[in-house]
Amino acid sequence: MPQISLENVSVGFRGPLLLDQVQARIESGDKIGLLGRNGSGKTTLMRMLLGLERPEAGRIEIQEGLKIACVPQEVPPGTSGRVLDVVCSGLPEEYLLEENHWKKDQSLERIFAQLQLDPQADFERLSIGLKRRTLLGKAIVGSPDVLMLDEPTNHLDIDSILWLENFLAGFSKTLIFVTHDRAFLTKIATRILEIDRGKLFDWECDYQTFLKRKEQALLAQEKQDALFDKKLAIEETWIRTGIKARRTRNEGRVRRLEAMRKERFARPRKTGSMNLSIDSGERSGMLVCDLQEASFGYGTEPIVKDLDITIMRGDKIGILGRNGAGKSTLLKGILGELAPIGGNVRLGTNLQIAYFDQNRDILDPSLTAEENVGVGRTSVTVNGRNKHVIGYLQEFLFTPEEARSKIQFFSGGQRNRLLLAKLFAQPANLLVMDEPTNDLDAESLEILEERLVEYEGTLLVVSHDRAFLNNVVTSMIVFEPTGIREYVGGYDDWLRQSKVSAANPVGAKSSSKAPVASAALASSGSKPQTDKLASQKLSYKEKLELESLPSLIEKLESQQTELHQRMSAPDYFKRPSVELTADAKSMESLDAKLLEAYERLESLESRQNG
């Protein structure tokens, strides 16, 4: 018998139906990733399962005695006191009876040990990661049969996300969660439920299999719709031929045409995608920022110490570290908003900076979306073109009604899209983004990634979204226990490279490009290990070559793309044969250079990583 059953459930809140006669069965032990675009009804469905909302039609059957707990997306306002008090507030009433005190004590002891929490700590003084962990303790202290999580990785650092993944991987009860974190989905979900245009699809597979099946399903649906539309067009042509269509023997065909028209009209319309465009403005100077033994902090106490970093035009740098490590302090220092306590900071010329703040402080909740983006104007200029603010916001999936609404009623995903709209309404050759992926649905996230990869300016992005870092950045600045270090590549590249220095980090300099074995390792006292590392160690010239290869590959790929686009033009082959031959040779040369660069990059990284 299923724990939860949905039978023809519909809900719409006086508008288009979010859920239209959906059905589902949730079995014990399922680990369900609930997917859907922003505003599709994911949170509404979870609230109905909790009994906080009622469906307009249909019914939800919950197994008698089933205990359901939920960890919300945001920390509930007014939550305070000791960690012990917060966790105890989640205890079932029967645990509070005198004769069940032993159950209460046993359950609390287990929770604090599992979640590594200090019961006497002040909740309000905890980091966001520990606050979320405390709320998780409150949810599971009563041993629920079903645990629901709404965006559980939001605002968590990498250590907290990895801890949560390991905890949930061993969670034996039923789990239902909403998340934008694709790596988290891949690790935890064993079943995918997707809300799409009012329907609930049960893919009965893990996330990676879902992606493949979804792509196949979309292709099949497109072919089916195209075939139907072609048949409908033939029937429409027939009905316009005149009097013959109205003869008695053709009345059945007329009725079939009417049915086809209704079916075509009732077809779920594909929701649009964000038409996101980034204006990279004027080219900045080649040097964007140069830090030499720079230290930043507040007062006389440095948070970031003795940092050497050079940022060049076109760099796409990811910044990773634990909450409170100093990432925001570093950003303020790089942007010149915070004077260095020591060392030197040199900013480049002609910088046009746009800043994406994860707290969304630049959005005024008392104003409408139109007023927040337009700032007193009715139009914005993007890539040299004037656009009316309402029309521009429609490109970010806001209806005219939403554009004229105050944003205090917007969801987290809507606010993030609005912040992107405001950010990209101005030219910028330096983008600074702090956790831009929070609350974005998967499709919007993929579009953002594509535009950032195409972006010709310089990008600094703080993120704990591992897939996002892998897909967008070309280097990483990582706050490690031994200091701040630089690495070539994305998140997975950092994991691989950091293993070289993990065995003995003593003596590692706080900032070093794509680090290999340090001098401290060479003097660690282990002769065989020393000889092995020495034989693999890159020369100074090879280190410089390794650092330059990603930018060389990017340049060659850009030239290759430009040539591809020119050769794909409809009138290309009308050009003189001499020009066609030259382009063919250029393409062949670019292919050879790219292959050589990739092989050299693989060879050097292989030697560096041992």
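Q: Which residues of α4 are buried?
A: In this predicted model, the buried residues of α4 are G129, K131, R132, R133, T134, L135, L136, G137, A139 and I140.

Q: Where is that helix, and what is its span against the expected one?
A: Helix α4 covers residues 128-140, which makes 13 residues. From the first C-alpha to the last it reaches 19 Å, close to the 18 Å expected at 1.5 Å a residue.

Q: Is α4 largely enclosed or exposed?
A: Largely enclosed by the rest of the structure, because ten of its 13 residues are buried.

Q: What about α1, how many of its residues are buried?
A: Six of the eight residues in helix α1 (residues 42-49) are buried, so the helix is mostly covered. The buried ones are K42, T44, L45, M46, M48 and L49.

Q: What follows α1?
A: G51 follows α1, and its phi is positive, near 85 degrees.

Q: Is N8 buried or partly exposed?
A: N8 counts as partly exposed, because its relative accessibility is 37%.

Q: And E151, what is its phi?
A: E151 is not a glycine either, and its phi is positive at about 50 degrees.

Q: Where does E151 lie, and is it buried or exposed?
A: E151 lies in the loop between β6 (146-150) and α5 (158-169). With a relative accessible area of 7%, E151 is buried, since the cut-off for buried is under 20%.

Q: Changing topic. How many salt bridges are there in the whole structure?
A: A search of the whole structure finds 23 salt bridges. Side chains of opposite charge can pair when their charged atoms come close.

Q: Take R59, what does its side chain meet?
A: The side chain of R59 meets that of E61 in a salt bridge, at 2.7 Å from N to O. R59 is partly exposed at 48% relative accessibility. E61 is partly exposed too, with a relative accessible area of 38%.

Q: What does R191 pair with?
A: R191 pairs with D202 in a salt bridge of 2.7 Å, N to O. This pair links distant parts of the chain, eleven residues apart: R191 is in strand β8 (residues 191-196) and D202 is in strand β9 (residues 199-202).

Q: Which of those two is buried and which is partly exposed?
A: R191 is buried, with a relative accessible area of 9%, whereas D202 is partly exposed at 34%.

Q: What does D196 form a salt bridge with?
A: D196 forms one with R197, and their closest N and O atoms are 3.1 Å apart. D196 is buried because its relative accessible area is 18%, under the 20% cut-off. R197 counts as partly exposed at 36% relative accessibility.

Q: Which residues are linked in a network of salt bridges?
A: E165, D181, K187 and R466 are linked in a network of this kind.

Q: Now the surface. Which residues form the positive patch?
A: K67, K103, R110 and K173 form a positive surface patch.

Q: Where is R110, and why does it count as partly exposed?
A: R110 is in helix α3, residues 101-115. R110 counts as partly exposed because its relative accessibility is 34%.

Q: How far is Q559 from L590?
A: Their C-alpha atoms are 7.9 Å apart in space, and the two residues are 31 apart in sequence.

Technical notes
Residues are numbered from 1 along each chain as its sequence is written. This is a predicted model: local features need pLDDT of at least 70, side-chain atom pairs count only at pLDDT 80 or more; totals for chains, interfaces and linings use all residues. Side-chain values use heavy atoms; hydrogens and water are left out. Patches are made of residues with over 30% relative accessible area and no salt bridge: like charges are joined within 9 Å, nonpolar side chains (Val, Leu, Ile, Met, Phe, Trp, Tyr) within 5 Å. Accessible areas come from the Shrake-Rupley method with a 1.4 Å probe; for residues, only the protein chains shown count as cover. A salt bridge is a side-chain nitrogen of Lys or Arg within 4 Å of a carboxyl oxygen of Asp or Glu. Lys and Arg count as positive and Asp and Glu as negative; His and the chain ends are not counted. The place of a charge is taken as NZ of Lys, CZ of Arg, CG of Asp or CD of Glu. Helices (H or I, at least four residues) and strands (E, at least two) are DSSP runs, numbered from the N terminus. Buried means under 20% relative accessible area, exposed over 50%, partly exposed in between (1.4 Å probe, protein chains only). The expected span of a helix is 1.5 Å times one less than its number of residues.
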